[in-house]
Amino acid sequence: MPKAKSKTTDELTLRYAKKIEPHLELAKRAYGLRNQDTPAHRASNKYTQLVKEYYDKGGSLVALAEELGVAYSGLRRRIF
């Protein structure tokens with residue numbers, strides 16, 4: 001039997017998806033060295049910070065990836 005999602009996790013996912021979405025498009029444009037100070041890199045760093053915060057609070061990367069429409073592997077690499 002599939003495990004039911006808890007209401008808390010769903011709320012957490014939606015809350016963080018809303019926080020991440022404004023940074024998503026610009027973060028996708030970040031390339032090259034990670035220590036560059038460009039708008040795209042700042043957005044990428046903020047995106048990573050929010051994903052880590054979400055994960056530390058018990059959020060599901062699979063659920064967040066689905067909500068944001070991004071690849072799970074892309075989120076996972078930001079955490080590990």
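In this predicted model, the axes of helix α2, which spans residues 39-56, and helix α4, which spans residues 72-79, come within 9 Å of each other and cross at roughly 85 degrees. Because angles of 65 to 115 degrees count as roughly perpendicular, α2 is described as roughly perpendicular to α4. On the α2 side the residues that meet the partner helix are Ser44, Tyr47, Thr48, Val51, Lys52 and Tyr55, and on the α4 side they are Leu75, Arg78 and Ile79. Sorted by class, the residues of this contact between α2 and α4 comprise five nonpolar, two polar and two charged.

Helix α2 also packs against helix α3, residues 61-68, where the two axes come within 10 Å and cross at roughly 135 degrees, an angle that makes α2 oblique to α3. The crossing of α2 and α3 is right-handed, and the contact is made by Tyr47, Val51, Tyr54 and Tyr55 of α2 together with Leu61, Ala63, Leu64 and Leu68 of α3. The residues of the contact of α2 with α3 divide into eight nonpolar, with no polar and no charged residues.

Of the 18 residues that line the largest pocket, Arg34, Ser44, Thr48, Arg77 and Arg78 are the closest to its centre. Helices α1 (7-27), α2 and α4 each supply at least two residues of the lining, and α2 gives the most, with five residues. By class, the lining of the largest pocket is made up of eight nonpolar, six polar and four charged residues.

Conventions
Residues are numbered from 1 along each chain as its sequence is written. This is a predicted model: local features need pLDDT of at least 70, side-chain atom pairs count only at pLDDT 80 or more; totals for chains, interfaces and linings use all residues. Side-chain values use heavy atoms; hydrogens and water are left out. Axes are lines fitted to C-alpha atoms, for helices over the stretch in contact, and angles run from 0 to 180 degrees between N-to-C directions. Helices (H or I, at least four residues) and strands (E, at least two) are DSSP runs, numbered from the N terminus. Angles under 35 degrees count as roughly parallel, over 145 as roughly antiparallel, 65 to 115 as roughly perpendicular and the rest as oblique. Contact means heavy atoms within 4.5 Å. Ala, Val, Leu, Ile, Met, Phe, Trp, Tyr, Cys and Pro count as nonpolar, Asp, Glu, Lys and Arg as charged, and the others, Gly among them, as polar. On a 1 Å grid over the protein atoms alone, a cavity is a set of points where a 1.4 Å probe fits but cannot get out, and a pocket is an open set with protein on both sides within 12 Å along at least five of seven lines; lining residues have an atom within 4 Å of a point. A crossing is left-handed if the near helix is turned anticlockwise from the far one by less than a right angle, and right-handed if clockwise.
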